[in-house]
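Welcome! Take a moment to look over the sequence and the model, and then walk through the main points below.

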Amino acid sequence: MMRAVRCLTYIFSLLIGVTARAEDLPLGQTLFQNLCVQCHAAKGEGNVLIKSPAIAGMPDWYVLAQMKNFQTDKRGAHPQDPEGQLMRAMAKMLTADQTLAVAEYVSKLPRNALQPTMVADIDEGKRLYAERCMECHRYNGEGDMAYPSPPVVGLQDWYLVSRLKKYQSGIQGAEKNDANGQKMVFSSIFIEDEKTLYSLVAYLMQLPEELKKAKGTAFGSD
Ligand code: HEC
Ligand code: HEC
């Protein structure tokens, strides 16, 4: 009898585990629809009017890290960072479990196609990227958790410009305890002028297409 009870208790505990896991996705989805869509749009493609980035398909570790940065005032606390302030207020409403669930959900959304809004000559940007950025963000701009550097493709051009300018001026990334942000404050020094900045961003916007085309050739395959 005792054994059967123990056995049932065991099965019951497993079932609880299963339902808890099965609920992970719906929780992330519910949070996304109720809290994120109003600013990041229905498919997580972002919204230029709110200056919110495309977040669909961002790696879960990066979403989580940035949410924690917002929650601990590493990002979004600067008085000249209205967009960061908006997101920081949002992030602070979430518990640790909710943050984890929504980060996982966002990372599984398919990345959206983005329309470039600015035109620039990409040559200068391509050279600078190879010299100063590729080491951490990789040849394909997908980033690398080891650094931990996020993708620099799949983001809107105006958002890339905004982020890089904020790193350059220390509005983001300059907090004493933000070691990863500081890497970018340092790296963004090499973007010498606006022309180079726009060239770099234009290069990143077409990088995925360029690699897709190159895939057919002997040198371009992964
Ligand atoms: C009130 C509007 C608003 C809401 C609601 C909102 N966001 Fe944001 N979010 C923003 C803005 C604006 C930015 C850009 C901040 C900046 O420029 O640094 C941002 C930035 C982010 C970033 C940083 C991306 C990067 O490239 O570093 C992540 C991740 C993010 N949001 C996730 C979420 C998630 C997940 C939710 C829902 C739980 C959410 N946001 C809800 C406005 C919002
Ligand atoms: C030493 C490694 C390193 C180098 C070199 C580097 N980065 Fe970064 N980059 C990072 C890290 C780490 C982050 C995340 C910073 C954070 O958490 O705020 C980042 C973040 C970014 C972001 C923000 C992406 C987002 O989703 O908001 C952009 C844009 C970016 N880097 C572009 C560049 C460009 C352009 C260069 C070259 C001029 C460059 N990076 C060089 C490590 C690097």
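Is arginine 138 buried, exposed or partly exposed? Arginine 138 counts as partly exposed, because 16 C-beta neighbours lie inside 10 Å; a residue is buried if 20 or more other C-beta atoms lie within 10 Å of its own, exposed if 12 or fewer, and partly exposed in between, with C-beta atoms placed from the backbone.

This is a predicted model, in which local features need pLDDT of at least 70 and side-chain atom pairs count only at pLDDT 80 or more, while totals for chains, interfaces and linings use all residues. Residues are numbered from 1 along each chain as its sequence is written, and chains are lettered from A and ligands numbered from 1 in the order in which they are written.

**The chain as a whole**

- The protein chain has eight helices and zero strands; these are DSSP runs numbered from the N terminus, with helices being H or I of at least four residues and strands E of at least two.
- Along the sequence, the pattern reads α-α-α-α-α-α-α-α.
- Of the 222 residues in the protein chain, 29% are buried.
- Among contacts with a separation of 6 or more, 65% join residues 24 or more positions apart; two residues are in contact if their C-beta atoms, placed from the backbone, lie within 7 Å.

**Around ligand 1**

- Ligand 1 has 21 residues around it, and Cys36, Cys39, Ser52, Glu83 and Met87 come nearest; a residue is near a molecule if its C-beta atom, placed from the backbone, lies within 6 Å of it.
- Helix H1 (2–40), H2, helix H3 (82–91) and H4 each give two or more residues to this shell.
- H1 supplies the largest share, six residues.
- By type, the shell around ligand 1 holds 13 nonpolar, six polar and two charged residues. Here Ala, Val, Leu, Ile, Met, Phe, Trp, Tyr, Cys and Pro count as nonpolar, Asp, Glu, Lys and Arg as charged, and the others, Gly among them, as polar.

**Around ligand 2**

- Ligand 2 is surrounded by 23 residues, and the closest are Cys133, Cys136, Asn180, Gly181 and Ser187.
- The elements giving two or more residues to this shell are helix H5 (123–137), helix H6 (157–169) and helix H7 (179–187).
- The shell around ligand 2 divides into 13 nonpolar, six polar and four charged residues.

**How H2 meets H4**

- Helix H2 (residues 60–71) and helix H4 (residues 96–108) pack at an angle of about 140°, with axes 8 Å apart; axes are lines fitted to C-alpha atoms, for helices over the stretch in contact, and angles run from 0 to 180 degrees between N-to-C directions.
- That angle makes H2 oblique to H4, since angles under 35 degrees count as roughly parallel, over 145 as roughly antiparallel, 65 to 115 as roughly perpendicular and the rest as oblique.
- H2 contributes Asp60, Val63, Leu64 and Met67 to the contact, and H4 contributes Thr99, Leu100, Ala103, Glu104, Val106 and Ser107.
- The residues of this contact divide into six nonpolar, two polar and two charged.

**Backbone details in the loops**

- Most residues other than glycine have a negative phi, and most peptide bonds are trans.
- Arginine 138, in the loop between H5 and H6, has a positive phi near 75°.
- Alanine 41, in the loop between H1 and H2, has a positive phi of about 75° although it is not a glycine.
- Alanine 41 is partly exposed, with 19 other C-beta atoms within 10 Å.
- The peptide bond from tyrosine 147 to proline 148 is cis, with omega near -10°, and proline 148 lies in the loop between H5 and H6.
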